[in-house]
Amino acid sequence: YGGVTVVRAAVIDVASSGVSTSVVLTGLDHSTAFDVHLVADDKFATPNRQAAISSLDVTTLPDDTPPSNAAGFPRITVPGENGFTLQAKLSEPGTCYFVVVADGSTPPTVQNVF
C-alpha cells in the first residue's frame, strides 16, 4: 500500500452494471475521521483498471449506546462459605462495576456504584 497504514481493506464484487452493491465495515473506532479510497477494474480476462482513485471522507458516529447485559447475566456461580463467583457478559466490550450490600438493603444508584 505504498507505506500507508491501512485500517481496513475490503472487496466489493459488483455482479452487473447499474446494480448497487454494498459491504459493511465494522470494528472501526467511533468518533473518528477516515479517508476511503476506491479503485475498480472490470471482469474481463485482462481487466481494465480505473486510472484514478475515487476518494471519500467519512466520520464514524459516537458510541452513545451503553452496553447491556446478555440474557442470563449477570449471574452468581460457585457460591462458597465466604464468597461467590460473579459472571458478566455484555453486548459490547466494557467494564462492570459492582458493590455487595446486605440482603434487604436499599439498592444503590448507578452513581453510587461508581
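Is Lys43 buried or exposed? Lys43 is exposed, at a relative accessible area of 65%, where exposed stands for over 50%, buried for under 20% and partly exposed for what lies in between (1.4 Å probe, protein chains only). This is a predicted model, in which local features need pLDDT of at least 70 and side-chain atom pairs count only at pLDDT 80 or more, while totals for chains, interfaces and linings use all residues. Residues are numbered from 1 along each chain as its sequence is written, and side-chain values use heavy atoms, with hydrogens and water left out.

**Salt bridges**

- The structure holds two salt bridges, a salt bridge being a side-chain nitrogen of Lys or Arg within 4 Å of a carboxyl oxygen of Asp or Glu.
- One of them pairs Lys43 with Asp13, and their closest N and O atoms are 2.5 Å apart.
- This pair links distant parts of the chain, 30 residues apart: Lys43 lies in the loop between strand 1 and strand 2, and Asp13 in the segment before strand 1.
- Strands (E, at least two residues) and helices (H or I, at least four) are DSSP runs, numbered from the N terminus.
- Arg49 and Asp41 also meet through their side chains in a salt bridge, at 2.8 Å from N to O.
- Arg49 is exposed at 61% relative accessibility, whereas Asp41 is partly exposed at 36%.

- The largest pocket has a volume of about 1400 Å³.
- Of the 32 residues lining the largest pocket, Ala10, Val36, His37, Leu38 and Val39 are the closest to its centre.
- Strand 1 and strand 2 (54-59) are the elements that give two or more residues to this lining, and strand 1 has the largest share, with five residues.
- The lining of the largest pocket comprises 21 nonpolar, four polar and seven charged residues.
- Here Ala, Val, Leu, Ile, Met, Phe, Trp, Tyr, Cys and Pro count as nonpolar, Asp, Glu, Lys and Arg as charged, and the others, Gly among them, as polar.
- The second largest pocket holds about 490 Å³ of space and is lined by 20 residues, with Asn69, Cys96, Tyr97, Phe98 and Val113 nearest its centre.
- A pocket is an open set of points on a 1 Å grid over the protein atoms alone, where a 1.4 Å probe fits, with protein on both sides within 12 Å along at least five of seven lines; lining residues have an atom within 4 Å of a point.

**Backbone geometry**

- Most residues other than glycine have a negative phi, and most peptide bonds are trans.
- Ser31, which is not a glycine, has a positive phi of about 55 degrees.
- Ser31 is found in the segment before strand 1 and is partly exposed, at 45% relative accessibility.
- Val78 also has a positive phi, near 50 degrees.
- Val78 sits in the loop between strand 3 and strand 4 and is exposed at 61% relative accessibility.
- Phe73 and Pro74 are joined by a cis peptide bond with omega of about -5 degrees, and Pro74 belongs to the loop between strand 2 and strand 3 (75-77).

**Val58**

- Val58 is in strand 2 and is partly exposed, with a relative accessible area of 38%.
- The C-alpha atoms of Val58 and Gly3 are separated by 21 Å, and the two residues are 55 apart along the chain.

Technical notes: Points joined across faces, edges and corners; volume = space filled by probe spheres on them.
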